[in-house]
Amino acid sequence: MWVITTTGFYSVVEHRRDPERLIIRARAREDIEALRQWIPAIEPRSDPAADYRWRAVVARAEWVVAVAQIAGEVDYPNFKTAVAQRQGAARACHYTEVWQTLRRIQREPAG
């Protein structure tokens, strides 16, 4: 699952050895650290050789609660503008590129 919020970008997958735990992966340490608002005990770990350098293992139940809280705190009419205000113009630019790429799905003919 990819989750893109005004506090960060996350790739979340099930832990290979424990289905009750998830691995939250991020490109930037500050994204994992931002999750402390909702998961106070989260511990970022770095693996420079990994596809996603920053990771944290959390209980599945913690992630479910955190995502529900994040969704409940949406307080903006425009996502990309909120990202620019909270994470800066450079991050908003990256997210805009993702938005543009995914927009192509909408323009593809049905079939």
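Which residue lies over the face of Tyr 52? In this predicted model, Arg 27 takes that place, at 3.8 Å from the ring centre of Tyr 52.

## Aromatic rings

Five aromatic pairs are found in the structure. One of them joins Trp 2 and Phe 9 in an edge-to-face arrangement, with 5.6 Å from centre to centre and 80° between the planes. Another pair, formed by Tyr 76 and Phe 79, is tilted, with 6.0 Å between the centres and 55° between the planes. Here Tyr 76 is partly exposed, with a relative accessible area of 24%, and Phe 79 is partly exposed as well, at 26%.

Ring pairs also link Trp 2, Phe 9 and Tyr 52 into a cluster, and the Tyr 52 of this cluster is the ring that has Arg 27 over its face. A second ring with a charge over its face is Trp 99, where Lys 80 lies at 4.5 Å from the ring centre.

## Salt bridges

The count of salt bridges comes to six. Among them is the bridge between Glu 14 and Arg 60, whose closest N and O atoms are 2.7 Å apart. This pair links distant parts of the chain, with Glu 14 in strand S2 (residues 9-14) and Arg 60 in helix H2 (residues 60-72), 46 residues apart. Glu 14 counts as partly exposed at 47% relative accessibility, and Arg 60 is also partly exposed, at 29%.

Asp 31 and Arg 91 form another salt bridge, with 2.9 Å between the closest N and O atoms. Because Asp 31 lies in helix H1 (residues 29-34) and Arg 91 in helix H4 (residues 89-107), the pair ties together parts that are 60 residues apart in sequence. Asp 31 is buried, with a relative accessible area of 2%, and Arg 91 is buried too, at 15%. A further bridge joins the side chains of Asp 18 and Arg 21, at 3.7 Å from N to O; Asp 18 counts as partly exposed at 25% relative accessibility, as does Arg 21 at 36%.

## The largest pocket

The largest pocket has a volume of about 210 Å³, and several residues described above return in its lining, including Trp 2, Phe 9, Arg 27, Asp 31, Tyr 52 and Arg 91. Ile 4, His 94, Tyr 95 and Val 98 also line this pocket.

Strand S1 (2-4) and H4 are the elements that give two or more residues to the lining of the largest pocket, and H4 supplies the largest share, four residues. By class, this lining divides into six nonpolar, one polar and three charged residues.

## The second largest pocket

About 160 Å³ of space lies in the second largest pocket. Its lining includes Ile 4, Thr 5, Thr 6 and Thr 7, together with Trp 38, Ile 70, Ala 71, Glu 73, Val 74 and Arg 86. Tyr 76, the partner of Phe 79 in the tilted pair, belongs to the lining of the second largest pocket as well. The residues there comprise six nonpolar, three polar and two charged.

Note on methods
Residues numbered from 1 in each chain as written. Predicted model: local features only at pLDDT ≥ 70, side-chain atom pairs only at ≥ 80, totals over all residues. Heavy atoms only, no water. Phe/Tyr/Trp six-rings, centres within 6.5 Å; stacked < 30°, edge-to-face > 60°. Buried < 20%, exposed > 50% of the residue type's maximum accessible area, 1.4 Å probe, protein only. Lys NZ or Arg CZ within 6 Å of the ring centre and 35° of its normal. Salt bridge = Lys/Arg side-chain N within 4 Å of Asp/Glu carboxyl O. 1 Å grid on protein atoms, 1.4 Å probe; cavity = no way out; pocket = protein on both sides within 12 Å on 5 of 7 lines; lining within 4 Å. Points joined across faces, edges and corners; volume = space filled by probe spheres on them. Nonpolar A, V, L, I, M, F, W, Y, C, P; charged D, E, K, R; others polar.
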